[in-house]
Amino acid sequence: MVHKVLFWSGLGVGVRLWQLGIEMRPLFNKESLWVYPVYASIGGSFGYWLMGVEHRQYKMLSDRRDALLEKRARRKQREEANAAEQA
């Protein structure tokens, strides 16, 4: 969990460094150091949101898999019952 938030926070700081590189401005200007935590928190919050999306998708896939397995088991029981009646 923490590694995803840290990755996206680092990416946010990387975006800020890239932005300053494109603008050819100094990377560590004393007046603009407050922006790095802002970019890191934006990236971290995106990572946290993305982690929640991933968790919900895994839960949905797990529920769907369980439903399909139950459906297959019921069909197998029904086919076995039909085969036993015909024999």
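So, where is Ser9 found? Ser9 sits in helix α1, which runs over residues 2–23. Helices here are DSSP runs of H or I with at least four residues, strands are runs of E with at least two, and both are numbered from the N terminus.

Before going on, a word on the source. This is a predicted model, so local features need pLDDT of at least 70 and side-chain atom pairs count only at pLDDT 80 or more, while totals for chains, interfaces and linings use all residues. Residues are numbered from 1 along each chain as its sequence is written, and side-chain values use heavy atoms, with hydrogens and water left out.

Okay, the overall picture. The protein chain has two helices and zero strands. Its radius of gyration is 26 Å, well over the 12 Å that the globule rule gives for 87 residues, so the chain is more spread out than a compact globule. That radius is taken over C-alpha atoms, and the rule is 2.2 Å times the number of residues to the power 0.38. Along the principal axes, the C-alpha trace spans about 85 × 20 × 15 Å.

How much of the chain is buried? Buried residues make up 15% of the 87; buried means under 20% relative accessible area, exposed means over 50%, and partly exposed is in between, with a 1.4 Å probe and protein chains only.

Now back to helix α1. Ser9 counts as buried, at 17% relative accessibility. Leaving out residues up to four places away in sequence, Ser9 touches Ala40, Gly43 and Gly44, where contact means heavy atoms within 4.5 Å. Across the chain, 56% of the contacts with a separation of 6 or more are between residues 24 or more positions apart. Gly10, also placed in helix α1, is partly exposed, with a relative accessible area of 41%. From Gly10 to Arg25 you go 15 residues in sequence and 20 Å in space, C-alpha to C-alpha.

Next, the loop between α1 and α2, with α2 at 35–86. Met24 is found in that loop, and Met24 is exposed, with a relative accessible area of 78%. What is the phi of Met24? Positive, about 55 degrees, although Met24 is not a glycine. Most residues other than glycine have a negative phi. Lys30 is in the loop between α1 and α2 too, and counts as exposed at 73% relative accessibility. Lys30 and Arg64 are 34 residues apart in sequence, and their C-alpha atoms are 53 Å apart in space.

Last bit, the annotation. The unreviewed UniProt entry marks residues 33–51 as "transmembrane region". UniProt positions are in the numbering used here, feature names are shortened, and annotations may be inferred rather than shown by experiment. In the model, residues 33–51 are 89% helix and 0% strand, and the end C-alpha atoms lie 28 Å apart.

That's it from me.
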